[in-house]
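Here is a colleague's note to read beside the structure, written as numbered points. Please keep the 3D view open and find each element as it comes up.

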Amino acid sequence: MNHFKMPAFLQQYSVSSALGAMLFVALSTAAHAELNINLSGGNFQPMPIAITDCVNEGQATPVASVITNNLSRSGLFQPLPKEQFPERISNFDVPPQFDAWKARGAQALVTCRVSNDGGRLKAEFRLFDVFANQQLVGQQYSTDPASWRRVAHLISDAVYSRITGEKGFFDSRVVFIDESGPAKHRRKRLAIMDQDGANFKALSGSDMLVVTPRFSPNSQEITYMGFPLSGGDPKVYLLDVSRGSREVVGNFPNMSFSPRFSPDGRRIIMSLEQNGNANLYAMDLQSRSMTRLTTTAAIDTSPSYSPDGSQIVFESDRGGTQQLYLMPAGGGSAQRISFGEGRYSTPVWSPKGDYIAFTRQKGGSFGIGIMKPDGSGERILTEGFHNEGPTWAPNGRYLMFFRDPGGQGGPKLFMVDITGRVQVQVPTPNYASDPAWGPLLSETR
Amino acid sequence: MLKRIDWKEPGFPLSIALHLVAVLWGLFAFSSPPPFDAANEAIPVEVVSDVSEMTRGSKKAEKVLPNTPEQVDKVADLRKENDPGQEKTDTASIKPPTKQEETVKDDPAAAEPPQAAQPPIPTPPARQEAAKEPPKEASQPPIPTPPSKPVKAASAVAAAQDEPDDKREAEIIREQQKKDQAKKAEEARKLADQKKAEEAQKLADQKAAEQKKADEARKEEARKLAEQKKQLADKIAAAEAKAEHEAKLKAEKLAEQRKKEAEAKAKAVAAAKKAAEDKKRQEAAEKAPAFDPNAIRNKLMASHERPTSSGSTGAQVSRTPSLGTRTATGAKLSPSDREALVGMIGDQIRRCWNLTVTSAPSVKPVVHIELAANGELVAAPRLTNSSGEPNFRAVAESGMRAIRQCSPYRIPAKYAQYFDDWKNINVRLDPSDLL
């Protein structure tokens, strides 16, 4: 008996794009005698790229190695080993031998030059499409020689952005909880570093237990909850990283926790505990006035604004178990958006607005996942013994979280892309947890 | 015992009769069922490659011809060899940037793959000739002028008109004729002597040719002399006749003059009339109302004539209509071959396609490529659509990189005959299901 079999090329794409593809084939077939190929799929293999050593003109800095490391960690690029380079770029202004690079399989090529420009560091780079024999982008930067790593991150962002069409994320920093000492007497302190683990710096001493640090979306300010070891209620603090100043955000009679900035950085939304319940409050940082947003006999916590500031996603056990809810930024009726198995917590809205990241506890494991703001398209990116605390990269394409293997070990930071294919560990000097990814340095006030 | 039929109650007999009729009809109707038509063998779909070529003939034609010539009633005035599109591209080609120029280009927006420079399309020689022809046509061919009458004859005629000098003139002519005859006789003799002497000196094989030439010269000379004699005789005869019939000539001359005058007058009147008519026509044209399309329409609507055709045109007249061809001529890929080839090339591109995006654009990039018969790219891949989405360009460029990297493509030899059908390819890049 004959069965209808769908052609292979039709089986490869989803129903939403199938209509477009069929229309494409139908229209073009009617117009010309041409072959029409609907190419779906492809390889999710990193793109082979060659990053040559910078032409050094009086300023020896390993800019190229930082770029190589950044692009490699993004998971979208596969830098060629130096041993496979067909030529050494000695003159930055001479076009490379495209055919030779093609033969080595490089699809893109980055060349750079660093020089001393009157005491300042001048860095230039060019990005070439090897198979098109043409330059895609070329820029130059002038900065203080001590900021050479930032220049390397900026070049990495420019390359990433030109190839992927997305904003970069390399020129950014991460605050997290640096954990050291044995498991029973773990010392936790607030720390900051570049997204690649460089330039580590502790921001708080040993006199306070710090949790849930959060970066301002448009400045170098951090808010977090601190438990003074000397006693007293935990408070929400505001820390200016550039100036080192710290202040208590309000003085509330009970515990306040899970603070997070609004998209414009003018408000902080947080939970306040009262009689065993927790409700959401928004505080204006200028007037210090508080606005109550929820009134329930449940625990509402981990609020996060949408990028346009019009909505808030939060977790609540008002329905019996921890689930995710959506409500208007000014308060009002909340709508549940998580309906999968297990408990959902720590929702964070993507800076692009297209996804909400969360932690899902199911059975004996914790997973990091994403879903669309309406609750559809749920996708678990990683799952294991203990994964928690997702935070978005500035471009909304990567998430950082911490993973605790249990036992005598401690938590470590990891990075995963929204497809779940790229997953790399973020280097930290000690154990690390509760990461909060800051905005691009070039976009902060 | 059978009951007698009671016609007062006809139901029973009627029922029997009807049942009998039904049974008989059934016997006849089902005894010879109509045979099934012999099932024709199904035509494989792949064989029907291009019906349009088979149905290109004229429906009114009576026979099928191997090729389907277009019916042509008359030769076209101007046969244009190249299409307007080609003429449009026949502009000064831009010099393609060198590799070095390309690499130092900083504008990413201008990072389109360089298009191969179009070679200048040579102007067809026919058109050049046609361009040269008008001057030739414009220059009027030389108008053949009537052979002018010999001056002497004219002077003789003029002299004949003067009565006192006629006789003297005739005597002079006679003397001159005698002298000329004597001279020419002497010259002929001399020439003959010279030629004889020359003939003796020349080789034997040249003798015949020389003799022939001499004969021809002699003949020519003799013919000329005969003509001169004839002319002179005619002139003399004419002079004598004119002298004798003076009155008659004068009368004729007068009549001729009058006739010429009358003709000149008539011509002048005709010219004047023509000028007046032209002027009238011009004035009428000037006074004519402005162009009115409705008037034309009204005239056309009022006409009851059937529409006529002036006939199709072509390079040469062909009055034989054809019903079409029995077979199609174009080599076309069958649907199954087409699908196989699409899968084959798609797989090759897919293997080179490294995705560097984490989201798919809503508008899918479509890249046009043209392949050579050996599977190599003829020109750089060309993006045929556009979108403002940032990841659109990333997907398009990653696809074009893959297309370049995979070239040349492996095309099985059996597809070579269908080259025209697969040399142009549109690739739609859709990474949706990976993201």
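1. Please bear in mind from the start that this is a predicted model.

2. An open sheet of four strands draws on both chains, with the order β1(A)-β5(B)-β3(B)-β4(B) and mixed pairing. The strands at its edges are β1 (35-40) of chain A and β4 (382-383) of chain B, and because each has a single partner strand, one side of each is left without a neighbour in the sheet.

3. Helix α12 (residues 390-406) of chain B, for its part, lies across β3, β4 and β5 of chain B and runs at about 135 degrees to β5(B).

4. Helix α12(B) also meets a helix of chain A, namely α5 (residues 148-164), with which it packs at an angle of about 80 degrees, the axes being 6 Å apart. An angle between 65 and 115 degrees counts as roughly perpendicular, and therefore α5(A) is described as roughly perpendicular to α12(B). On the side of α5(A) the contact is made by A:Arg162, A:Ile163 and A:Thr164, and on the side of α12(B) by B:Asn391, B:Arg393, B:Ala394, B:Glu397 and B:Arg401. Sorted by class, these residues are two nonpolar, two polar and four charged.

5. Helix α5(A) packs with a helix of its chain as well: α3 (residues 63-74) of chain A lies at an angle of about 45 degrees to α5(A), with the axes 9 Å apart, which makes α3(A) oblique to α5(A). The crossing of α3(A) past α5(A) is right-handed. Among the residues that meet here are A:Val66, A:Ile67 and A:Leu71 in α3(A) and A:Ala152, A:Ile155 and A:Val159 in α5(A). By class, this contact has nine nonpolar, four polar and one charged residues.

6. Over all chains, a search of the whole structure finds 14 aromatic pairs. One of them is formed by A:Tyr160 and A:Phe170, whose ring centres are 5.8 Å apart and whose planes stand at 85 degrees, so the pair is edge-to-face. Since A:Tyr160 lies in helix α5 of chain A and A:Phe170 in the loop between α5 and β8 (172-180), the pair ties together parts that are 10 residues apart in sequence.

7. Two backbone details deserve a look. B:Ser407 and B:Pro408 are joined by a cis peptide bond with an omega of about 5 degrees, and B:Pro408 is found in the loop between α12 and α13 (419-422) of chain B. A:Asn133, although not a glycine, has a positive phi of about 55 degrees, and its place is the loop between β6 (120-129) and β7 (134-143) of chain A.

8. Finally, there is an open sheet in chain A, where four strands follow the order β23-β24-β25-β26 with antiparallel pairing. Neighbouring strands of this sheet are turned by 20 degrees against each other on average, direction ignored. Strand β25 (residues 365-371) pairs with β26(A) in the antiparallel sense over five bridges, and A:Gly367 has A:Glu383 in β26(A) as its bridge partner.

Notes: Residues numbered from 1 in each chain as written. Chains lettered and ligands numbered in written order. Predicted model: local features only at pLDDT ≥ 70, side-chain atom pairs only at ≥ 80, totals over all residues. Heavy atoms only, no water. Pairing = 2+ DSSP bridges. Helix = DSSP H or I, 4+ residues; strand = E, 2+ residues; numbered from the N terminus. Contact = heavy atoms within 4.5 Å. Axes fitted to C-alpha atoms, helices over the stretch in contact; angles between N-to-C directions. Parallel < 35°, antiparallel > 145°, perpendicular 65-115°, else oblique. Nonpolar A, V, L, I, M, F, W, Y, C, P; charged D, E, K, R; others polar. Left-handed = near helix turned anticlockwise from the far one by under 90°. Phe/Tyr/Trp six-rings, centres within 6.5 Å; stacked < 30°, edge-to-face > 60°.
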